[in-house]
Protein chains: 2
Amino acid sequence: MRHPTIEDVARTAGVSVATVSRALRDLPNVAVSTRDRVLTAARELDYEIDPQASRLASGRTMTIGLIAPLFGTWYVDRVVNGAESVLADAGYDLLITSTRTRESLSSFFDRIRSFGRRIDGALVIDLYVHGADLARLETLGVPAVTVGEDLGPYPSITIDNRRAGAEATRHLIDLGHRRIGLIGGSADSSFSSPVPERREQGWRDALETAGLPADPGLVVEGEFVVDGGERGLARLLSADDPPTAIFCMSDYMALGALIEARRRGIEVPRDLSIVGFDDHELSRPFGITTMRQDVDTIGTTAATVLNTLLCGDTPAVTQTVHDVTLVKRESTGPAPVR
Amino acid sequence: MRHPTIEDVARTAGVSVATVSRALRDLPNVAVSTRDRVLTAARELDYEIDPQASRLASGRTMTIGLIAPLFGTWYVDRVVNGAESVLADAGYDLLITSTRTRESLSSFFDRIRSFGRRIDGALVIDLYVHGADLARLETLGVPAVTVGEDLGPYPSITIDNRRAGAEATRHLIDLGHRRIGLIGGSADSSFSSPVPERREQGWRDALETAGLPADPGLVVEGEFVVDGGERGLARLLSADDPPTAIFCMSDYMALGALIEARRRGIEVPRDLSIVGFDDHELSRPFGITTMRQDVDTIGTTAATVLNTLLCGDTPAVTQTVHDVTLVKRESTGPAPVR
DNA sequence: ATGAAAGCGCTAACAG
DNA sequence: CTGTTAGCGCTTTCAT
């Protein structure tokens, strides 16, 4: 009980395999009546194209590589989710590979040629490489689109992190806050993303515009995780002149800050304002004011651009910068009067 | 600048392509010196096996299908993460397909034969099908392992939801609680998982064992999301004789309950005890007592069993039931005295 | 508009 | 232990 082949279809339709191949793929130069006959035969036999054979013959794999610090991070999962919906519709399989750790990244680089051979295109999510590493990435040898960072050679889908950081900070300044703390990324530069420093630059920008000093003592690391937010707030509050407001570079850290504040009996937003980043689904129930990025749309946009590329067309824009908008909730309020 | 083929390697190594094929795949019947020569030639030419050609010729695709309500749910992402680490090491690509919605499920069923042809095996996560749907699933035509539910024909990796539900409830009973609410799943039976009803049965079991009535008024739906927990608690507290403790079938709902309790000025655990399920990473910072399931291990176990199957071996056990353990934190305490 | 035929690059008998 | 020879099932010129 083998799978029927294209020859079986050709025989029962009374045509050649070439014609079957054409008819099934909606290529031109097939008479309507012939096409119908082929389609009927195919249906009758319950025929399906063998993907492996098709791939070998055509040279196209009909699969897209997803290169990302995969599975587990909210951001990546959402992007992938958005991309999947578009790419699946376009008939592409998704092949995933993880680059979260140093090892998995270098293992990816080791297998990059092999990886590149099994895909027609790639979506590169949250990968920050330059120089030699970027050169290695290019040995992929297929069209790619990057998400989260503009890597130069590829079309990119990003947000303006600096601007968003400034806007978050300005919101706090507008509320009358004058000492605004920052809970951000990591000093672990071995794997560094430029995102934290951009958001920090935005914080700096906003302070400067307001004529406020950017005190380095107001900047702590939070590693983008909940307990990073907890520890970060603890550190900030132990300073001589603690901030009355905090900009956290992710909602998870904002959540941690919220927890720590509560633990210390600090009332939010009366005693302390907190603004996060992402608009994670937990932010609404916890009333966290945040900078919203529409991650699903980022994913679908990336997929759409990649698809355009694969169709041989030139995308209208190669550098898409998505909006980030302030969502006001209950975690921010007027600066306390002293 | 084409890719070198096996023939190129054969030529420079001075052997036949068959020998190259054997040598490269570590098959027996190759002289050590020959193998060395081949390996050297391959390295020199920077040769890599063409996966498409290899697949067509061998009939094996070296890819595993991941069938899951993918991306976005904590549970699935963790399972996939665990599975990926094992399967990637075994040289398998992962092909993902989503079944979250009714449509995506039926679209999956429409493409199931085609899907089955591009994989050597499948990991079926959190898919609850029976009867005709199960029969359709079997048309996949490849070995599979199920996670989350024992579907009958396949080896399965599960937890004992009933027992875990009972244990959570017993913990509350042991603390002196006599009215114990339940925030659980959904009545939307079109897509029903048996998991909620099993956990509810466990709740019932524990109450019965303790000689306590299982008041249907104590059971509300929470949809496994945060605001479901919020609304659920609100509903439960509006009853005549509200519960002093709640068992939530997920940590997300427990979190929602915690939020709602706080909103109402109800102190946890003094006035109300809450136990969750999962041991989500947020549960520790929020001090939520929970039933911990080791989701990463579930994923690796599933992958390992599948791998065994694909090697043609019979797995030692076909029904693996993973432990669920009570993690006591700060959200549960003695029942309030009245 | 259709068919014949030559691959795509590898694996797997089979023979030696 | 090694080489020869068929395929695997489809796509794609090139004729007609």
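Guide: Helix H4(A) supplies the largest share of the surface near DNA strand D, four residues; near means that a residue has a heavy atom within 4 Å of the strand, and helices are DSSP runs of H or I of at least four residues, numbered from the N terminus. The model is predicted: local features need pLDDT of at least 70, side-chain atom pairs count only at pLDDT 80 or more, and totals for chains, interfaces and linings use all residues. Residues are numbered from 1 along each chain as its sequence is written, chains are lettered from A and ligands numbered from 1 in the order in which they are written, and side-chain values use heavy atoms, with hydrogens and water left out.

Helices H2 (17-24) and H4 (51-58) of chain A, together with H2 (17-24) and H4 (51-58) of chain B, each give at least two residues to this surface. Of the 26 residues around DNA strand D, those that come nearest are Ile6(A), Ser21(A), Tyr47(A), Arg22(B) and Thr34(B). By class, the surface has twelve nonpolar residues (Ala, Val, Leu, Ile, Met, Phe, Trp, Tyr, Cys and Pro), five charged (Asp, Glu, Lys and Arg) and nine polar (the others, Gly among them).

Among the approaches to phosphate oxygens of DNA strand D, a backbone N or O atom of Ile6(A) lies at 2.4 Å, a polar backbone atom of Ala31(B) at 2.7 Å, and a polar side-chain atom of Arg25(A) at 3.1 Å.

Definitions and conventions
A polar contact is a pair of N or O atoms within 3.5 Å; within protein, one must be able to donate a hydrogen and the other to accept it, and residues adjacent in sequence count only if both atoms are side-chain atoms.
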